[in-house]
Amino acid sequence: MNNKKVLELVSKILIFKTDNCQHKYSCIRNTFQGASEAFIKAFIAKLCLNGLMLLLSLKKVMKSDKKLLNAFKILLNKTNFQLGLFMGLQTFLLKSIQCSLRIIRNKEDGINALVSGFIAGGLSFMTQEENVKYLVRVYLFGRAVDCIYQSQVEKGRFKHRKIIPVLIFALMSTLISFAFFFEPELLPLDTYKMYQNFSGAEMNDSLWHMCNVQAWRNKIDAAKSQ
């Protein structure tokens, strides 16, 4: 195969788009464009969250010897890139597998979406560290609950009421708050520290908190022994 044929083959691949694809550009461009956009959005979202953490920890940072360095470490660290890579990789796998299935099966239905979503989600999730996995689980669980709720509304199982999403969010917050006050070992360290910063707890507050945790555990152990 000469160079001309190789270039022709490459150009055909670059501009190829299946008949079942609804995206504007070629499959390859759509895949890489979607992956890069997902990376940037996730990176910026984590940067904003870190900015909030920096504001909450500003008093502690100002008391440290290396103020600028500590502030920079809070604002920009490897979790920014890890979360961005996770979303970028998931989007890349999702789009590329979906387009491949459209070529292989020569049709578009729910099976393509199910298979590509399962593979892309599983493979991208396996590459992440525990602290990033926790963020992803929280986000995806919230999105999954919202999708189930919206699908039931569309099917007419019940009417949409503004109070329902509020109650769902309140229930999730209740569970996390309970874990913080009585089962802190269930929370990732980053989340536990974030709640501590939000609460503005001093040394005496932390000591009182730990005493309450121990009292709760003693109560549970006593109930189990009966």
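**Figure 1. The span of residues 163-182 is 100% helix and 0% strand.** Helices (H or I, at least four residues) and strands (E, at least two) are DSSP runs, numbered from the N terminus. An unreviewed UniProt entry lists residues 163-182 as "transmembrane region"; UniProt positions are given in the numbering used here, feature names are shortened, and annotations may be inferred rather than shown by experiment. The model is predicted: local features need pLDDT of at least 70, side-chain atom pairs count only at pLDDT 80 or more, and totals for chains, interfaces and linings use all residues. Residues are numbered from 1 along each chain as its sequence is written, and side-chain values use heavy atoms, with hydrogens and water left out.

**Figure 2. The chain contains 10 helices and 0 strands.** Its elements run α-α-α-α-α-α-α-α-α-α from the N terminus on. Of the 226 residues, 26% count as buried (under 20% relative accessible area; exposed is over 50%, partly exposed in between; 1.4 Å probe, protein chains only). Among contacts (heavy atoms within 4.5 Å) with a separation of 6 or more, 60% involve residues 24 or more positions apart.

**Figure 3. Helix H2 (residues 27-56) packs on helix H4 (residues 67-75) at an angle of about 140°.** The two axes are 8 Å apart; axes are lines fitted to C-alpha atoms, for helices over the stretch in contact, and angles run from 0 to 180 degrees between N-to-C directions. H2 is therefore oblique to H4 (angles under 35 degrees count as roughly parallel, over 145 as roughly antiparallel, 65 to 115 as roughly perpendicular and the rest as oblique). H2 contributes Leu-47, Asn-50, Gly-51, Met-53 and Leu-54 to the contact, and H4 contributes Ala-71, Ile-74 and Leu-75. By class, 6 of these residues are nonpolar, 2 polar and none charged (Ala, Val, Leu, Ile, Met, Phe, Trp, Tyr, Cys and Pro count as nonpolar, Asp, Glu, Lys and Arg as charged, and the others, Gly among them, as polar).

**Figure 4. Leu-49 is a residue of helix H2.** Leu-49 is partly exposed, with a relative accessible area of 33%. Leu-49 and Leu-75 are separated by 26 residues in sequence and by 8.5 Å in space, C-alpha to C-alpha.

**Figure 5. Helix H5 (residues 78-105) and helix H6 (residues 110-126) cross at roughly 145°.** Their axes come within 8 Å. Residues in the contact include Phe-86, Leu-89 and Arg-102 of H5 and Ile-111, Gly-117 and Phe-125 of H6. The contact comprises 13 nonpolar, 7 polar and 2 charged residues.
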